[in-house]
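Biologist: Could we go through this model together? I would like to start with the overall contacts and then move to details.

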Amino acid sequence: MLPVSTATVLLAGSLLAGAPPSASAQSIWEHVGSIQVGGRIDIQGEYLGTGQGSAFEQRQYTFDVLSSKGRLRVSLDLSNRDDCVQARLLDPRGNVVGSNTDYGFVCPFATPATGQVFNIEQSKVAAKAGRWTLDVRASDVQDLSFRARIVLEPPRALVRNSQLRPDLVPWLPWEFGFVAPGSSNPGTANDRDNTPGAETVSCHPTEETSDTKCLRFSAGVYNVGDGPMYVDFRNETAYQHVYLADQTPYNYADNEARGRFLETEAGTGEWHPYHEHRHISDFVLYELYSVQGQQLTKVGDGAKHGYCTFSQQIFDWGSTAQDPQYASYPSGEFCNDAMTLERGWGDIYRWQRPGQYVSYDSVAEQDGSMQAGKYLLRFTVDPDDHVVETNETNNMGYALIEVIDGGGPGEDNVVICEQGMGPDPWATDSQPRSDRFAWAKLLKDPNYTPATCS
């Protein structure tokens, strides 16, 4: 169904890198339109890159809600998860609504600190007619693009007792490089604490000692199914809970409390010494292939196998079919007692996490750099089918890349030629995908064009 009311706003006055520091708040106010049930407002946002570490930016967007029916869903999309950003939603009386205490604030250096996410969302707010305000505040910003969306959605209609299975698909590999993190604790969740190390070192000492040449990258997992992937850890065993639909579609705590789920064994719950929490084991498979024409030759494997998932980014920014961000959040200690991934959300492990690489030892030059040419990184989620899903045939994705010789170790460049779903670009069922962060790059630089392969 098409939205009843939509509005699109492109804000001016972007703060570019290197701008003079400001001792006071810099604020922009904008009225972005009105919305009815079924409507949507898109705020295209802007780029904030003061590079000063002390500037404070405030953006206030007011909008008129024309109905007291349905639920408001207000979401903020971020290009980085290590800048400090807060999103508050104020009702017509000026009261802050929603869960702003813990997860309305993303900043790894604040107290209380939050999990690092690319999306902040308020999605359980009952509509009330009148003028609302979305208040966005950013501080200690180094390099951030953001955009927002406002949706007034009607109640969901669900079939009672239907099984709400997840469906896992790859968050396609990106951020390729050859430099290992310089941190003594690369398992930390704070990206700023995991800065690049020496340019000639691609494998971190905490990683497998048998590998000395590491092609590093970021990758993750999305859940595009009918319900959350909830995994309970008990005595080194992982158990999946497939929930049954009921009359509380925005919350699964009652399902967990009342046993309204089907339980199946889902492999091992292994302790990760550097992440300092449990992972579901054998959850991902990374494979590296050299490419000659359409011929693939396997030249390396990945070291990482386990994951603990956490809802960090909305799978489809154009859709609001996803569950609330923490609708199935465990009551116990996250990643030790249980883990979850909400329907319509994804989790990423960035390049500086332990094991986030594939070995290129077999295609290394004498100086340790990677042989120039084209390669394919194949990424399979749940390769042993431990997790019960709605679709077991869409767990594979790829990134076709080109390594360009730049000299010695750490100087080569990696260009992404194509990303897609399926085993490789030449499979009959392959589905190419566009750059997920292209919107952010265009806000930073309107003349941005992606690098191309030879």
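Modeller: Let me begin with the contacts: among those between residues at least 6 apart in sequence, 76% join residues at least 24 apart. Contact here means heavy atoms within 4.5 Å.

Biologist: What kind of model is it, and how are residues numbered?

Modeller: This is a predicted model, in which local features need pLDDT of at least 70 and side-chain atom pairs count only at pLDDT 80 or more, while totals for chains, interfaces and linings use all residues. Residues are numbered from 1 along each chain as its sequence is written, and side-chain values use heavy atoms, with hydrogens and water left out.

Biologist: How many helices and strands are there?

Modeller: The chain has 2 helices and 28 strands. Both are DSSP runs numbered from the N terminus, helices being H or I with at least four residues and strands E with at least two.

Biologist: And what share of the chain is buried?

Modeller: Of the 454 residues, 56% are buried. Buried means under 20% relative accessible area, exposed means over 50%, and partly exposed lies in between (1.4 Å probe, protein chains only). The chain exposes about 18,900 Å², of which carbon and sulfur atoms supply 48%; the areas come from the Shrake-Rupley method with a 1.4 Å probe, and for residues only the protein chains shown count as cover.

Biologist: Let us turn to the sheets. What is the strand order in the open sheet of 6 strands?

Modeller: The order is β20-β19-β25-β26-β27-β28, and the pairing is antiparallel. Two strands pair if DSSP finds at least two bridges between them. At the edges lie β20 (295-301) and β28 (431-433), each of which pairs on one side only. On average, neighbouring strands of this sheet are turned by 30 degrees against each other, direction ignored. For such angles, axes are lines fitted to C-alpha atoms, for helices over the stretch in contact, and angles run from 0 to 180 degrees between N-to-C directions.

Biologist: How many bridges does β19 make with β25?

Modeller: Strand β19 (residues 284-292) pairs with strand β25 (residues 373-381) over 8 bridges, in the antiparallel sense. The bridge partner of Y289 in β25 is L376.

Biologist: Which strands are joined to β10?

Modeller: Strand β4 (residues 56-65) is joined to β10 (residues 130-139) by 10 bridges, and β6 (residues 84-90) is joined to β10 by 7. Both pairs run antiparallel. Within β10, V136 is the bridge partner of R59, and S139 is that of C84.

Biologist: Changing topic, which residues touch the most other members of the largest nonpolar core?

Modeller: They are F63, L215 and F283, in a core of 71 residues. A nonpolar core is a set of buried Ala, Val, Leu, Ile, Met, Phe, Trp, Tyr and Cys residues joined through side-chain atoms within 4.5 Å. Strand β11 (residues 144-153) gives the largest share of this core, 5 residues. Apart from it lies another core of 12 residues, among them I348, F437, W439 and L443.

Biologist: How many salt bridges does the structure hold?

Modeller: It holds 25, each being a side-chain nitrogen of Lys or Arg within 4 Å of a carboxyl oxygen of Asp or Glu. In one of them, the side chains of E153 and R73 meet at 3.4 Å, N to O. E153 lies in strand β11 and R73 in strand β5 (residues 71-78), so this pair ties together parts that are 80 residues apart in sequence. Both E153 and R73 are buried.

Biologist: What about D135, buried or exposed?

Modeller: D135 counts as buried because its relative accessibility is 0%. D135 forms a salt bridge with R137, whose closest N and O atoms are 2.5 Å apart. R137 itself counts as partly exposed, at 26% relative accessibility.

Biologist: One last site. Where does A180 lie?

Modeller: A180 lies in the loop between β13 (168-177) and β14 (214-223).

Biologist: Why does A180 count as buried?

Modeller: A180 counts as buried because its relative accessible area is 2%. Not counting residues up to four places away in sequence, A180 touches P196, G197, V201, S202, C203, H204, R216 and W351. The C-alpha atoms of A180 and C203 are separated by 5.4 Å, although the two residues are 23 residues apart along the chain.
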